[in-house]
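Please look over the structure shown below. The report that follows takes up its surface, its fold and its side-chain contacts.

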Amino acid sequence: MRAKHFFQHFDLPWLHYIDVMVFVLVNSVLMALAVNRLVFGNRAIFIFSREGRALRAADA
């Protein structure tokens, strides 16, 4: 008898741990952005955006 993966017990036999890792990664990034905004009051800026380039030029 073959051992079942954890997610197969929830009737999701197609779900692999790699799929769950992608889900965890995306949710971790979103949670970090939310905590950064709501708790610390900062806003993340994508470094390659126009605003990010202007901010980087102002620091130089």
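## Nonpolar surface patch

In this predicted model, Tyr17, Ile18, Met21, Val22, Leu25, Val26, Val29, Leu30 and Leu33 make a nonpolar surface patch of about 860 Å². A patch joins nonpolar side chains (Val, Leu, Ile, Met, Phe, Trp, Tyr) within 5 Å, or like charges within 9 Å, from residues with over 30% relative accessible area and no salt bridge. One of the patch residues, Leu30, lies in helix H1, which covers residues 17-38.

## Fold and exposure

The chain holds 2 helices and 0 strands, taken as DSSP runs (H or I of at least four residues, E of at least two) and numbered from the N terminus. Of its 60 residues, 5% are buried, where buried means under 20% relative accessible area, exposed over 50%, and partly exposed in between. The accessible surface comes to about 5,800 Å², with 68% belonging to carbon and sulfur atoms, as computed by the Shrake-Rupley method with a 1.4 Å probe.

## Side-chain contacts

There is 1 salt bridge in the structure, defined as a side-chain nitrogen of Lys or Arg within 4 Å of a carboxyl oxygen of Asp or Glu. It joins Arg43 to Glu51, with the closest N and O atoms 2.5 Å apart; Arg43 is partly exposed at 48% relative accessibility, and Glu51 is partly exposed at 42%.

The count of aromatic pairs is 1, a pair being rings of Phe, Tyr and Trp (its six-membered ring) with centres within 6.5 Å, stacked under 30 degrees, edge-to-face over 60 and otherwise tilted. Phe46 and Phe48 form an edge-to-face pair, 5.5 Å centre to centre with 70 degrees between the planes, and both residues are exposed.

## Basis of the values

Residues are numbered from 1 along each chain as its sequence is written, and side-chain values use heavy atoms, leaving out hydrogens and water. Because the model is predicted, local features need pLDDT of at least 70 and side-chain atom pairs count only at pLDDT 80 or more, whereas totals for chains, interfaces and linings use all residues.

Note on methods:
Buried means under 20% relative accessible area, exposed over 50%, partly exposed in between (1.4 Å probe, protein chains only).
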